[in-house]
Amino acid sequence: MEMRALSVQDMTKSYGEKVLFDHLTFSIGEKERIGLIGVNGTGKSSLLKIVAGKDTPDAGEIVCPNDYTIAYLEQEPEMNPELTVMDQLFLSEAPVIQLLKEYERALKQLEESPQDQEVAEQLFELQKQMDALGAWEANTNAEAILTRLGISDFSRKVGELSGGQKKRVALAQVLIETPDLLILDEPTNHLDYETIGWLEEYLSKYSGAVLLVTHDRYFLDRVTNRMFELDHGQLYTYKGNYQDYIAAKAEREELQAAEEDKRKNLYRRELAWMRRGAKARTTKQKARIDRFEQLEGSIGQGPKKEQIDLAMKGSRLGKQVFELSHVSKSFDGKVILKDFNLLVKPGDRFGIIGKNGSGKSTFMNLLAGKLPFDSGEIVTGQTVKTAYYTQERTDMDEKMRMIAYIRESAEMVTTKTGEKISAAQMLERFLFPMHAHGTPIYKLSGGEKRRLYLLKLLMTQPNVLLLDEPTNDLDTETLTVLEDYLEDFPGVVITVSHDRYFLDKTADRLLIFEGNGVIGSYYGQYSDYLAEQAMAEKLESAPAKEAKNETVREKPKKKKLSYHEQREWETIEEEIANVEKLISKADEELEAAGSDFERAQQLSKELEQLNEKLEELIERWSYLSEFVQ
């Protein structure tokens, strides 16, 4: 049986003076799920377009079987506003869709002329072809996929849809084609948590190959089995998912760090965070996580290692940040806030979530003083110095060179340890190589401009950060740098985002905009909140009878400890103390290991096991303490 594979051989592509790809060679095999990542401006979307046949390389070729099919979802799909949703879906050139359209046309002709023998024979032939291609399911699949993507009115005109709805229709259009290769550019944009979960499941069972670009790192981790990284015109390939990529990247970065002593080792910390899992990333385990972060930060760092410290010394922040008392605000006829109260304290990390149009950006503009409120009071502390990263395109003088643009904020910044860092060093830290610092802004890609804008805001050394959908424009590597910065940021961070991964790393309290002025609150991580919501909805939708049976089966509540549990309770605190001593000792040994990397790795593993043991003991202690008489 012929292998359904695509091969790219010796491909080169330049735009102006910039070389995007320099003699790239790679292949995409059957059932491979490939995630493509790289810093903004490296050419990810350009590579997708060339593989999809929407653009041509300067040199090289793409080899695949003659009947090999490719479907491509663009980041901003172009659609005919006059077509209905279903007509737009069946614009596809895929053979199965064309056959379905021809069958529908012949069926309509036969309904108009029931005695036309020629049309009847044509319909019979088409039916046989439909059987052979399995096209009968295409129409049913189209409706099912649209419904799962939140589109229920198939007769509605495309021009009446929102941008997010159009993206969903375009996604459905490529999914029903079932091509050999599915190419997806930011497929999770405009999708809610439940729909993203459905798409993850759909792609994991997909019979063809998938090549995708996304900033959603949970999605990458759950869908992919191979990773491509574009970097300075070269393509690096990794087996496995996003977590496997980070592990390999961490090793590569450590080797480079040993030679260059330049950059902070972000990826070890990133890998440790992912491996801890959602359960361990709870407020209760903060002490354990802090210890683990210290451990991860020390791996591979010799005593003389010099790194750029991104923990910049922010402006001093007093005790008062924001205090909202009985604030109300309506915008364009919609109630955003209704008698709303909120106290924001130093060190707070808020994530703001909710459906599009629920008023999240309006709320951020109120905090930033960009919009007036209707009633109530907003008190902003006298020491508050805000940096506001907005979704709108910022006013940039695109004739300016990057280094001059950054120096408008500051020539130099100071870290918490008192070290001075130049604007050029900060540009390097934000993934702009030294040789590019003189580049005029107009030559940058859209994502690179957003990264430059973010850096300029941080260079003002604020103490309050307002971030409105930062993950929409920033690549995964820039987000890792930003998350690392936020981890040590001493001020307040308030973020509007739909990105589960980013919010899990940067927020410990959520404000949930439910619409019509209703705002809920949740202490904990976004993933935990979503899991609880999904469980609540599942319980609500269960039949009443089943719920009744569950109530009958429910065991009587436990009132006190058993004999064995009482004995366990008497010794558990001593056991916790012993494990903490072992952790402390392993920490000291790791610090003394210096450049002995093998010993450091062994100690790291021991520490991970000890921390897991400590976590289990703490959870057990919490459980037992509820029943102590």
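**Figure 1. Strands S10 and S11 run antiparallel and are joined by seven bridges.** Here strand S10 covers residues 322-331; helices (H or I, at least four residues) and strands (E, at least two) are DSSP runs, numbered from the N terminus. Two strands are taken to pair if DSSP finds at least two bridges between them. Look for valine 327, which stands opposite phenylalanine 340 in S11. The model is predicted, so local features need pLDDT of at least 70 and side-chain atom pairs count only at pLDDT 80 or more, while totals for chains, interfaces and linings use all residues. Residues are numbered from 1 along each chain as its sequence is written, and side-chain values use heavy atoms, with hydrogens and water left out.

**Figure 2. An open sheet of three strands has the order S11-S10-S13.** Pairing in this sheet is antiparallel. Strand S11 (334-344) and strand S13 (375-380) are the edge strands, each pairing on one side only. From one strand to the next, the twist averages 25 degrees. Helix H12 (residues 360-367) packs on the sheet and touches S10, S11 and S13; contact means heavy atoms within 4.5 Å. The direction of H12 makes about 130 degrees with that of S10. For such angles, axes are lines fitted to C-alpha atoms, for helices over the stretch in contact, and angles run from 0 to 180 degrees between N-to-C directions.

**Figure 3. Strands S19 and S20 form a hairpin with two residues between them.** Six bridges join strand S19 (residues 509-515) to strand S20 (residues 518-523), and the two run antiparallel. Across the pair, leucine 510 stands opposite tyrosine 522 in S20. In the turn, asparagine 516 has a positive phi of about 60 degrees.

**Figure 4. Twelve aromatic pairs are found in a search of the whole structure.** Rings of Phe, Tyr and Trp (its six-membered ring) pair if their centres lie within 6.5 Å; planes under 30 degrees apart count as stacked, over 60 as edge-to-face and the rest as tilted. The rings of phenylalanine 26 and phenylalanine 228 have centres 5.2 Å apart and planes at 65 degrees, so this pair is edge-to-face. It links distant parts of the chain, with phenylalanine 26 in strand S2 (residues 18-28) and phenylalanine 228 in strand S8 (residues 226-231), 202 residues apart. Both phenylalanine 26 and phenylalanine 228 are buried (buried means under 20% relative accessible area, exposed over 50%, partly exposed in between, with a 1.4 Å probe and protein chains only). Tryptophan 198 and tyrosine 202 make a tilted pair, because their ring centres are 5.3 Å apart and their planes lie at 40 degrees. These two are four residues apart in helix H7, so about one helical turn separates tryptophan 198 and tyrosine 202. Tryptophan 198 is buried at a relative accessible area of 14%, whereas tyrosine 202 is partly exposed at 22%.

**Figure 5. Ring pairs link Tyr218, Tyr238, Tyr242, Tyr245 and Tyr501 into a cluster.** Over the ring of tyrosine 218 sits the charged end of arginine 222, 5.0 Å from the ring centre. A charge counts as over a ring if NZ of Lys or CZ of Arg is within 6 Å of the ring centre and within 35 degrees of the ring normal. Arginine 222 also belongs to a network of salt bridges that links Glu200, Asp216, Arg222 and Arg500; a salt bridge is a side-chain nitrogen of Lys or Arg within 4 Å of a carboxyl oxygen of Asp or Glu.

**Figure 6. Glutamate 408 and lysine 456 form a salt bridge.** Their closest N and O atoms are 2.5 Å apart. Glutamate 408 lies in the loop between helix H13 (402-407) and strand S15 (412-414), and lysine 456 in helix H15 (residues 446-459), so the pair ties together parts that are 48 residues apart in sequence. Lysine 456 is buried, with a relative accessible area of 16%. Another salt bridge joins aspartate 484 and arginine 429 at 3.5 Å, N to O. Aspartate 484 and arginine 429 are both buried.
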